[in-house]
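The points are numbered, and each takes up one topic.

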Amino acid sequence: MDRKEQIKHYLFLIVQKWWGSLLLLPFMYETLQQVYRALRFNIFFMISHEFPFPVNFVHFMTDNFLLIVHEAGHTFFSIAGSRFITILGGSLFQILLPLGIVFYTWINRQKIGTQLSLALVGFSWLDVAGYAADGGQQQLPLIGGLSKESHDWRNLLMEMNMLDYDLQFGIAFAVVGFLFYVAALTVPLYMKEYKTADIAIDL
């Protein structure tokens with residue numbers, strides 16, 4: 001194999017190993033930029049950030065999926081009989097469900113599935129970060145046109161007497177989301193895929 005063929009083969013192996021990470025990068029970059037602008041400048045970047053195609057479509061589908069999960073979380077955790085847990089349940093469930101998917105893909109050694117689910121967990125944390133950071137001002141519109149009094153993180157932070165720390169909560173959650181994004185991108189470094197093979201042995 002000449003040097004040119006060796007380079008092609010080497011590049012092929014790199015792409016084969018890292019294509020999942022390369023696919024995720026544009027989505028991660030845009031969502032991190034959205035949250036940074038929301039926390040640094042104006043919370044309305046959480047709903048008005050212009051995503052390029054096809055990231056906009058992926059963001060729309062992911063965001064709406066997590067919205068459904070979030071609302072289901074309120075109902076699911078209401079079983080606990082605690083107002084605080086019921087309110088927290090929305091944000092909690094939209095993180096726990098993707099974590100469950102991470103666990104499933106990890107134990108089944110599905111590298112791409114693990115990357116995608118880790119990215120979903122990261123996105124969930126970023127989504128919650130914006131919601132929490134809006135707890136003090138309640139500027140973001142709520143589903144169904146609900147009043148400001150129905151704002152989850154306004155109520156949660158008020159119950160903890162920490163409403164003045166809404167931005168700090170948002171930043172902390174965003175950092176966690178960023179770390180999950182890093183974990184998703186680096187999966188090929190620490191996770192190997194094993195292929196099964198059928199071996200027939202005649203004795």
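Which residues lie nearest the centre of the largest pocket?

1. Largest pocket: position. I47, D63, L67, D127 and P141 lie nearest the centre of the largest pocket, which has 33 lining residues. The volume of this pocket is about 770 Å³. Two or more lining residues come from each of helix 1 (3-40), helix 2 (45-48), helix 3 (55-77) and helix 5 (111-133). Helix 3 contributes the most, with 10 residues. On a 1 Å grid over the protein atoms alone, a pocket is an open set of points where a 1.4 Å probe fits, with protein on both sides within 12 Å along at least five of seven lines, and lining residues have an atom within 4 Å of a point. A volume is the space filled by probe spheres set on the points, which are joined across faces, edges and corners.

2. Basis of the model. The model is predicted; local features need pLDDT of at least 70 and side-chain atom pairs count only at pLDDT 80 or more, while totals for chains, interfaces and linings use all residues. Residues are numbered from 1 along each chain as its sequence is written, and side-chain values use heavy atoms, with hydrogens and water left out.

3. Overall architecture. The protein has eight helices and zero strands. Helices (H or I, at least four residues) and strands (E, at least two) are DSSP runs, numbered from the N terminus. The C-alpha trace spans about 70 × 45 × 25 Å along its principal axes. Of the 203 residues, 37% count as buried; buried means under 20% relative accessible area, exposed over 50%, and partly exposed in between (1.4 Å probe, protein chains only).

4. Largest pocket: composition. The lining of the largest pocket has 16 nonpolar, 12 polar and five charged residues. In this classification Ala, Val, Leu, Ile, Met, Phe, Trp, Tyr, Cys and Pro count as nonpolar, Asp, Glu, Lys and Arg as charged, and the others, Gly among them, as polar.

5. Second largest pocket. The second largest pocket has a volume of about 360 Å³. Its lining consists of 14 residues, of which L24, F27, V58, T62 and L116 lie nearest the centre. Helix 1, helix 3 and helix 5 each give two or more residues to this lining. Helix 5 supplies the largest share, five residues. By class, the lining of the second largest pocket has 11 nonpolar, three polar and no charged residues.

6. Salt bridge. How many salt bridges does a search of the whole structure find? The search finds one, and the partners are the side chains of E159 and R83, at 2.5 Å from N to O. E159 belongs to helix 6 (residues 152-159) and R83 to helix 4 (residues 83-107), so the pair ties together parts that are 76 residues apart in sequence. A salt bridge is a side-chain nitrogen of Lys or Arg within 4 Å of a carboxyl oxygen of Asp or Glu. Side chains of opposite charge can pair when their charged atoms come close. E159 counts as partly exposed, at 40% relative accessibility.

7. Nonpolar surface patch. L167, I171, V175, F178, L179 and V182 make a nonpolar surface patch of about 490 Å². Patches are made of residues with over 30% relative accessible area and no salt bridge, with nonpolar side chains (Val, Leu, Ile, Met, Phe, Trp, Tyr) joined within 5 Å and like charges within 9 Å. Accessible areas come from the Shrake-Rupley method with a 1.4 Å probe, and for residues only the protein chains shown count as cover. I171 lies in helix 7 (residues 166-185) and, at 42% relative accessibility, counts as partly exposed.

8. Backbone features in loops. The peptide bond from F53 to P54 is cis, with omega near 5 degrees; P54 is in the loop between helix 2 and helix 3. R109, although not a glycine, has a positive phi of about 55 degrees. R109 lies in the loop between helix 4 and helix 5 and is partly exposed at 29% relative accessibility. N161 also is not a glycine and has a positive phi of about 55 degrees. N161 sits in the loop between helix 6 and helix 7 and is exposed, with a relative accessible area of 69%.

9. A separated pair. Q16 lies in helix 1 and is partly exposed, with a relative accessible area of 45%. Q16 and F77 are 61 residues apart in sequence and 42 Å apart in space, C-alpha to C-alpha.
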